[in-house]
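Please keep the sequence and the three-dimensional view at hand while reading.

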Amino acid sequence: MSRTVTLVLVDPAGELLGALPPFPVGSPWWQEVAEVVAGAGVDVTVLRLLRTDRPAPPGGHVTYLAETRERPDGLIPLGADLTPHAHRAPWASPGGPAATLAWASGALDRLGLADVTVRQQRTWNLSAIWRVDGAQGPVAWIKQVPGFFAHEPAVLGLVASVAPELVPYVLAAGEEGRMLLAHVPGEDRYGAGPELCAAIAEAFHPVQQHFARHPEELAGAGAPDRRLAAGRFAAVAAPYLGGIPGLAELIDGLPDRLAAVAGCGLPDTLVHGDLHPGNVRTDGADRLTIVDWGDAAIGNPAFDLLRLIDGVEAPEPLVTAWARRWREAVPGSDPERAVELLRPVAPLESAATYAGFLARIEQSEWPYHAHDVPDRLAAAVAAWKVAA
């Protein structure tokens, strides 16, 4: 699967110039723009999604707004609505990326990393990312996140204080969600099997155990409070109660279910929020680094386990080892029962997360997430029925 791209161009002053003729790119994922930039034929920075011919990614024909200092010939007379939007990301308007790159340039200079090349990699409502290459390859990454992820560099610092090898090193952090991260050698481990998942759970446990004893550090870093609350899930589910059979019954039973979870004795702590192998990098020396901490919050550690084992065949040994560690850390707790009780709640948590994104991004970028809310609610009902 690939994607066809149209770039509507705007200059740094915000003047619409027209659009480049459509061209294909290999990657179907809308937020990945390295190939888009490389294939444009002119020097561009992709700002944001304007429209698509599909209700959700991947693939299809995708139209972006892109900034350029050039005035290429042969442009198509195609425009875009440039009206300011209250939820527009700082990097999604003309001049926004330039401001971030100027900040990063200053930070790189102070670190003695001046002779570098910066290449745009990703832009969407959850992040803008540039790779910083030196003579021998990548040396750092520039990342900017929206206000609702602004706690990410502070959380990275907290995790590094407990397990410095487990997270990317924060070289610099600035205003408007900007951060400069040291490059992590290796590769993302999408699709990795149970052996790596077990290693991830084991490596993360000391961090979660530490912050179970020091939740005030998480609050001080601005980590969102996602401790279990039936009302939060009920509010997200309300618009869909009539369209997803069984959802109303699941929501009605949540207070009793969450009370039973509390009785299992697992402490609230730092949760990564999206702990799957694709958010983990490993190298030839077996170094394991967990990345993308924007979803980090204060919550029940079983949520990270459930995300980690999603799709893993025969996850029982992983769950058993995870539960043993928590029983040793919290004598008298019942981690296995907490996992079973939370199986239908984990998709509700995901639905609440996606609903939070939709409430804080502009409508043109809703296709990234809109289908995820009903999908996760339906998954919650399916998990509830299996457990019943």
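The structure is a predicted model.

**The sheet and the helix across it**

Strands of a sheet pair through backbone hydrogen bonds, in either a parallel or an antiparallel manner. Here, an open sheet is built from three strands in the order E11-E13-E14, with antiparallel pairing. Strand E13 (residues 280–282) is joined to E14 by three bridges in the antiparallel sense, and Val-280 is placed opposite Ile-290 of E14. Helix H4 (residues 194–213) lies across E13 and E14, and runs at about 70 degrees to E14.

**A pair of packed helices**

Two packed helices are described by the angle between their axes and by the distance between those axes. For helix H6 (residues 230–237) and helix H12 (residues 345–359), the angle is about 65 degrees and the axes are 9 Å apart. Their crossing is left-handed. From H6, the residues Arg-232, Phe-233 and Val-236 meet a group in H12 that includes Val-345, Leu-348 and Glu-349. Also on the H12 side of this contact are Ala-351, Ala-352 and Ala-355. Classified by residue type, the contact of H6 with H12 comprises seven nonpolar and two charged residues, with no polar ones.

**Cavity and pocket**

Among the residues lining the largest cavity are Phe-204, His-205, Asp-304, Trp-322 and Trp-326. Two or more lining residues come from each of H4, helix H9 (302–309) and helix H10 (316–329). H4, the helix that lies across E13 and E14, gives the largest share of this lining, four residues.

The second largest pocket is lined by 16 residues, and Asp-43, Val-44, Thr-45, Glu-67 and Leu-101 lie nearest its centre. Helix H2 (96–110) and strand E6 (117–124) each contribute at least two residues to the lining of this pocket.

The table lists the volume and the lining classes of both spaces.

| Space | Volume | Lining by class |
|---|---|---|
| Largest cavity | about 70 Å³ | eight nonpolar, two polar, one charged residue |
| Second largest pocket | about 370 Å³ | eight nonpolar, three polar, five charged residues |

Methods:
Residues are numbered from 1 along each chain as its sequence is written. This is a predicted model: local features need pLDDT of at least 70, side-chain atom pairs count only at pLDDT 80 or more; totals for chains, interfaces and linings use all residues. Side-chain values use heavy atoms; hydrogens and water are left out. Axes are lines fitted to C-alpha atoms, for helices over the stretch in contact, and angles run from 0 to 180 degrees between N-to-C directions. A crossing is left-handed if the near helix is turned anticlockwise from the far one by less than a right angle, and right-handed if clockwise. Contact means heavy atoms within 4.5 Å. Ala, Val, Leu, Ile, Met, Phe, Trp, Tyr, Cys and Pro count as nonpolar, Asp, Glu, Lys and Arg as charged, and the others, Gly among them, as polar. Two strands pair if DSSP finds at least two bridges between them. On a 1 Å grid over the protein atoms alone, a cavity is a set of points where a 1.4 Å probe fits but cannot get out, and a pocket is an open set with protein on both sides within 12 Å along at least five of seven lines; lining residues have an atom within 4 Å of a point. Grid points are joined across faces, edges and corners, and a volume is the space filled by probe spheres set on the points.
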